[in-house]
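Please look over the chain shown below before reading my comments.

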Amino acid sequence: MKSLIVGTVTESTRAEAVAAVAAATFPLACPPHSKPENIAAHIDAHLSADKFAEYIADLGKQVLAAHDGTGAMIGYALLVYGRPDDPQVLAALESADDGATALAADAVAEVSKMYVLPDHHAARNDAKPAHALMQASLSAAHEHGADYIWLGVNELNERAQKYYRKMGFTQIGTRTFDMNGMVEHDHVMGRQL
């Protein structure tokens, strides 16, 4: 078993490495009807090296990365701290056990993105980098003062939903997601920290 290191990305020089993992993994989570041009446009708009440099510099966000024993980046997570803007997400959080209390205390975090390269998924890697990334995300959010954490996952991505349930998340609502003009539907899942 190779060793695994998970930590916060603090240097914007690492943005290219995170963006490379993002570009390789985002298409794998897209529903089958997603058009390649919409996926590419989303990657360009939200998952570029420039965007990750912005995320790394933003005090309201935290980028975590998983590296294998060779030092290669094999996965990442992006946390967003604070009250979400999306009214559908706000409604879901308001209705969730402990969600309204966390919102009132501004103690909410989002796992905005979390992906691991396919060759390192748990079925192929007994170090379980996705589990390590999620545990690091939960710990980081708690250390940042969050009491409740949420995420959005495409309604057709049953594999990811099963994984998130295993990690203690439950569905608390739904939202729409615009991927370059294509409206997708997400489950909003959350859990107390």
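The points below go through the sheet, its strand pairs and the helices packed on it.

1. This is a predicted model, in which local features need pLDDT of at least 70, side-chain atom pairs count only at pLDDT 80 or more, and totals for chains, interfaces and linings use all residues. Residues are numbered from 1 along each chain as its sequence is written, and side-chain values use heavy atoms, with hydrogens and water left out.

2. An open sheet of 7 strands runs in the order S1-S2-S3-S4-S5-S7-S6, with mixed pairing. Strands (E, at least two residues) and helices (H or I, at least four) are DSSP runs numbered from the N terminus, and two strands pair if DSSP finds at least two bridges between them. Strand S1 (4-8) and strand S6 (170-179) are the edge strands, each pairing on one side only.

3. Helix H3 (residues 49-57) packs on the sheet and touches strand S2 (61-68), strand S3 (73-81) and S4, where contact means heavy atoms within 4.5 Å. The direction of H3 makes about 115° with that of S2; axes are lines fitted to C-alpha atoms, for helices over the stretch in contact, and angles run from 0 to 180 degrees between N-to-C directions.

4. Strand S4 (residues 108-116) and strand S5 (residues 148-154) run parallel and are joined by 3 bridges, and Glu-110 stands opposite Trp-150 in S5.

5. S5 and S7 run antiparallel, joined by 7 bridges, with Val-153 opposite His-187 in S7. S6 and S7 also pair in the antiparallel sense, over 9 bridges; in their hairpin, which has 2 residues between the strands, Asn-180 takes a positive phi near 55°.
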